[in-house]
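Colleague: I'm new to reading folds. Could you walk me through what goes on inside this one?

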Amino acid sequence: MIARAAVLLLGQWLGQACAFQASVQPLSHGARRSSPLAATATTEEPVLTLYRDTNGWCPFCERVWIGLEKKGIPYDEKLINLQDKPQWYLDIVPTTLVPAIEWHDENWDADTPGSGALVWESKDILEAMDAKFAETPLRSADEEVAEVVEVLNASVGFVYGARNGTADDKGARFAAALDALDGVLASSGGPFVRGGELSAADLALAPTLERFGEQLKVLKPEFPALDAGRPAITRWSEAMDLEPAYTRRVKGDAYSWTAVTSSFLRIFANASDAETQAKIAKADKAAAALLAESRADATALDDKAACAEAVAALSKNRKNVARDAADSSPKTQPHVKRAKTAQAAEEAIDAALVVLDGGKARVSGEAKVAAAAIAARLCAPRDMGAPAAAALRHTLLVLAEKKPRGSRLLKALQIFFFWL
Ligand SMILES: N[C@@H](CCC(=O)N[C@@H](CS)C(=O)NCC(=O)O)C(=O)O
């Protein structure tokens with residue numbers, strides 16, 4: 001009962017977060033699309049539609065999303081903008097919240113949302129999925145593990161909010177909750193909450209711990225890493241990172257969560273006070289440093305499946321991406337320099353597609369600006385999975401680099417002397 005109330009509270013809070021995040025103009029506008037790279041890469045006909053938030057940031061959606069990937073259920077997606085939910089969605093889902101699923105049953109008609117049987121509430125969805133696909137159970141009742149729910153609630157209060165109670169109290173509560181979780185993970189035999197198999201409890205934890213782990217580095221650097229001195233949580237994180245159902249498409253990355261931290265601060269804190277301004281500047285600086293790391297990470301291109309996913313997503317959304325990269329009055333990430341024209345962004349996109357496909361390319365000056373803008377705007381899992389985002393960011397940032405002034409002259413001299 002307490003656990004249910006706690007999950008509900010988390011839902012209300014994150015509902016606000018997601019509503020805000022929906023104002024980010026996404027690179028991906030696909031209203032209905034198959035997962036570009038289902039970890040289970042199925043070509044079977046979808047058996048259900050997943051309704052999830054446009055930004056791919058709702059942790060409840062992510063919980064179901066990982067579950068679908070893990071169980072290998074073929075699905076398609078409809079993305080719901082939480083800031084402007086379509087009337088048809090309000091009409092078919094009584095809670096009006098995401099996620100929901102719609103079964104492609106005998107009544108289902110692709111053009112009539114709600115014609116198939118609908119299930120909402122992430123826990124009920126996971127249960128319904130387990131009922132139909134019993135051979136890969138996620139044991140969703142286990143989601144109610146008290147220590148898991150307490151970690152989720154304590155994190156929500158601590159990371160941003162300080163409405164009731166002091167930051168110290170909240171920090172102590174969160175630390176105690178993490179200790180208790182560590183205890184559960186140790187006594188289960190691990191690496192997961194219920195032992196050797198992934199369960200719905202792990203699916204509830206992962207999306208939240210992942211983002212707060214990154215954001216706390218900027219917001220509360222004095223708070224130790226979530227797994228510091230908690231070996232069972234370290235083992236759990238490592239085991240999660242071996243789950244393709246999570247890492248290939250649903251997991252975000254350090255850059256994405258850090259880059260949106262300043263947006264979170266603008267919404268949840270008093271953006272005009274000096275302390276918040278300093279944190280915003282710090283978050284943006286930390287994000288820039290992570291971008292530099294992406295530039296350095298050429299190994300991202302070794303993951304050919306990731307490159308293919310990036311090519312597919314970029315090709316499909318290129319018009320929106322180009323528009324976004326040349327937006328002269330951006331609503332988010334105003335510090336990111338945009339290109340003067342969408343054509344320059346198109347040039348950067350074409351070049352990136354060539355490089356991701358194994359070729360070589362260079363771009364003109366304004367397209368370099370566009371390439372850097374696209375790299376900075378790219379978010380996982382909103383636009384693509386984290387491995388694909390790493391490959392695309394690296395590609396774009398290399399394209400964006402200005403060649404040192406002397407290098408062309410040097411090349412010309414080399415050619416000249418070669419022919420002498
Ligand atoms: N208890 C629900 C919570 C779902 C939820 O809170 N979803 C949020 C997004 S994170 C939402 O739809 N917010 C939109 C709104 O509040 O209007 C579940 O587990 O599915």
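Colleague: What do the buried residues of H4 pack against?

Modeller: First, some ground rules. This is a predicted model, where local features need pLDDT of at least 70 and side-chain atom pairs count only at pLDDT 80 or more, while totals for chains, interfaces and linings use all residues. Residues are numbered from 1 along each chain as its sequence is written. Helices (H or I, at least four residues) and strands (E, at least two) are DSSP runs numbered from the N terminus. A residue is buried if 20 or more other C-beta atoms, placed from the backbone, lie within 10 Å of its own. Here, the buried residues of H4 pack against helix H2 (59-71), strand S4 (100-103), strand S5 (118-120) and H7.

Colleague: Which residues of helix H4 are buried?

Modeller: In H4 (residues 122-132), they are Ser122, Ile125, Leu126 and Met129. Looking down the axis of H4, these fall within an arc of 100 degrees (taken from the directions from the helix axis to the C-beta atoms), so they line one face of the helix.

Colleague: And how many residues does the largest nonpolar core have?

Modeller: In soluble globular proteins, nonpolar side chains tend to be buried together. A nonpolar core is a set of buried Ala, Val, Leu, Ile, Met, Phe, Trp, Tyr and Cys residues joined through C-beta atoms within 7 Å. The largest one here has 59 residues, with Leu50 and Val98 among those with the most contacts inside it. Helix H7 (residues 200-219) gives the most to this core, nine residues. A second, separate core has 58 residues, including Ala300 and Val311.

Colleague: What share of the protein is buried?

Modeller: Of its 420 residues, 48% count as buried.

Notes
A residue is buried if 20 or more other C-beta atoms lie within 10 Å of its own, exposed if 12 or fewer, and partly exposed in between; C-beta atoms are placed from the backbone. Two residues are in contact if their C-beta atoms, placed from the backbone, lie within 7 Å.
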